[in-house]
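I am opening my notebook on a structure that is new to me, and I want to write down what I look up in the order in which I look at it.

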Amino acid sequence: MIPLELDPPASLAYRKLLNLTLSPQASKARKPYIQDLVTECLDQVCESGQMDVLHDLTGPVTATLTLAIVGMPASQGRRCAQLMHDMTTIFPGSPEYNEIAQDFGKLLGEIAALVPERRAEPRDDLISHLATATIDGRALSIEEVANVCALVIAGGVETTASLVAHALRWLSEHPEERQRLINDPDLIPSAGEEFLRVFAPVAGMARTATTRTEIAGAMLEAGDRVFLMYGAANLDPAAFDEPAEVRLDRFPNRHVTFGVGSHRCVGAHLARAQIEIILRSVLARMPDFVITEAEPYPDLGMGNGFATMKATFTPTAGSPAQR
Amino acid sequence: MSSDDRQASAPEFVRVRRDPSACYGHALCNAQAPQVYPIDEEGFSTVTEKLVPPDLAELAKRGADACPESAIRLE
């Protein structure tokens with residue numbers, strides 16, 4: 001799938017287009033919007049004292065934001081979150097999965113339908129950037145635009161949602177460390193990096209060796225397929241001091257959760273912004289939250305996240321606008 | 001490493017070198033030390049070589065240590 005397994009220089013043209021909406025600066029500019037999304041989600045649950053972490057918070061935030069970047073209406077956020085969650089938790093081949101895959105196809109169809117109008121009247125969103133771009137002297141087809149958007153949705157929604165869910169569960173289980181973050185919120189970005197290292201939501205990725213090379217005594221020939229286990233590399237004792245230990249102030253922390261090299265996650269900056277804002281908001285508004293239920297994915301082969309996660313906390317009033 | 005450590009603690013100018021062929025725009029140097037490592041609009045540091053004053057030497061080292069590609073060296 002383009003540009004997931006395309007190499008430079010061909011991949012660079014796509015990457016430049018994606019960077020228009022996902023670069024460090026663009027991600028920073030989205031922070032107020034992310035904060036609004038998080039506030040809105042927390043407002044809806046804060047008075048009840050309980051929340052479904054995936055459906056009330058992490059899913060809607062990551063999906064609505066990703067759709068905004070793509071150029072789809074926020075009203076589709078929860079639907080998109082549910083779709084991406086179901087695609088990850090329900091086994092491929094089952095009748096339920098086929099139904100979900102069809103729904104995802106429908107969503108892509110809606111993206112494709114927007115291409116002609118965004119081509120005519122471009123906005124600052126991914127559909128417009130892709131629809132008005134030329135790569136190697138030709139415009140992208142409607143299908144190509146939709147496929148790149150699909151990749152961004154697949155990469156941006158359930159991944160970040162899983163990471164935040166892992167972080168919340170860990171903090172619930174480690175009240176002293178949670179208190180440390182509450183007392184010193186400046187530690188949250190570094191804590192986020194450590195959660196990324198130990199809870200890599202994408203366990204690994206398949207790649208093709210481009211040249212004969214040797215890795216840790218194993219010979220690879222050009223064309224060999226290799227599965228890169230990011231989650232394992234992040235626990236390499238040669239790279240990390242006491243790798244099994246979660247240290248919220250670990251530095252340096254050169255984890256490979258986002259991949260390395262030219263294929264590193266293009267949405268990493270946006271993921272970091274969301275992790276930071278969600279954790280900061282939850283710790284500020286429901287500092288005594290307890291994760292009461294956390295059911296991991298039925299299959300942890302490729303993704304590392306949760307099928308369900310519930311939390312309780314002392315009820316609080318909504319933000320002023322809500323009251 | 002040991003010469004880096006020495007320079008980070010001693011009040012001396014340090015020379016920062018970024019290998020553009022190894023840099024993939026993670027922008028983590030910038031996240032640690034924006035004063036030392038400005039980035040372009042795609043997240044790539046604009047530094048190829050520069051002299052960093054003593055008061056920023058420690059930050060420069062943090063930025064280099066944060067690089068997942070080990071693309072930044074201090075001399």
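**Ground rules.** I note that this is a predicted model, in which local features need pLDDT of at least 70, side-chain atom pairs count only at pLDDT 80 or more, and totals for chains, interfaces and linings use all residues. Residues are numbered from 1 along each chain as its sequence is written, chains are lettered from A and ligands numbered from 1 in the order in which they are written, and side-chain values use heavy atoms, with hydrogens and water left out.

**Chain B.** I looked up the secondary structure and found three helices and three strands, which follow one another along the sequence as α-β-α-β-α-β; helices (H or I, at least four residues) and strands (E, at least two) are DSSP runs numbered from the N terminus. Of the 75 residues in chain B, 47% are buried, where buried means under 20% relative accessible area, exposed over 50% and partly exposed in between, with a 1.4 Å probe and protein chains only. I also checked Ala27(B), which lies in the loop between β1 (14–18) and α2 of chain B and has a positive phi of about 70° although it is not a glycine. Ala27(B) counts as buried because its relative accessible area is 10%.

**Helix α6 of chain A.** This helix covers residues 95–120, and its 26 residues reach 39 Å from first C-alpha to last, close to the 38 Å expected at 1.5 Å a residue; the expected span is 1.5 Å times one less than the number of residues. I found a kink of about 30° at Leu114(A), shortly before the proline Pro116(A), the bend being the angle between axes fitted to the seven residues ending there and the seven starting there. Leu114(A) is also among the buried residues of α6(A), which include Tyr97(A), Phe104(A) and Arg118(A). The buried residues of α6(A) pack against α4 (53–70), α5 (77–89), α7 (126–131) and α8 (142–156) of chain A, a contact meaning heavy atoms within 4.5 Å.

I looked up His166(A) in helix α9 (residues 158–173), and it counts as buried because its relative accessibility is 6%. Leaving aside residues up to four places away in sequence, His166(A) touches Phe199(A), Asn304(A), Gly305(A) and Phe306(A). In the loop between α12 (230–233) and α13 I found Pro252(A), and the peptide bond from Phe251(A) to Pro252(A) is cis, with omega near -5°. Glu242(A) is found in the loop between α12 and α13, and its phi is near 45°, a positive value in a residue other than glycine.

**The second largest pocket.** Which residues lie nearest the centre of the second largest pocket? They are Pro189(A), Arg272(A), Glu276(A), Leu28(B) and Ala31(B), out of 34 lining residues. On a 1 Å grid over the protein atoms alone, a pocket is an open set of points where a 1.4 Å probe fits, with protein on both sides within 12 Å along at least five of seven lines, and lining residues have an atom within 4 Å of a point. The largest share of the lining, six residues, comes from α11(A). As for α13(A), I noted that 16 of its 18 residues are buried.
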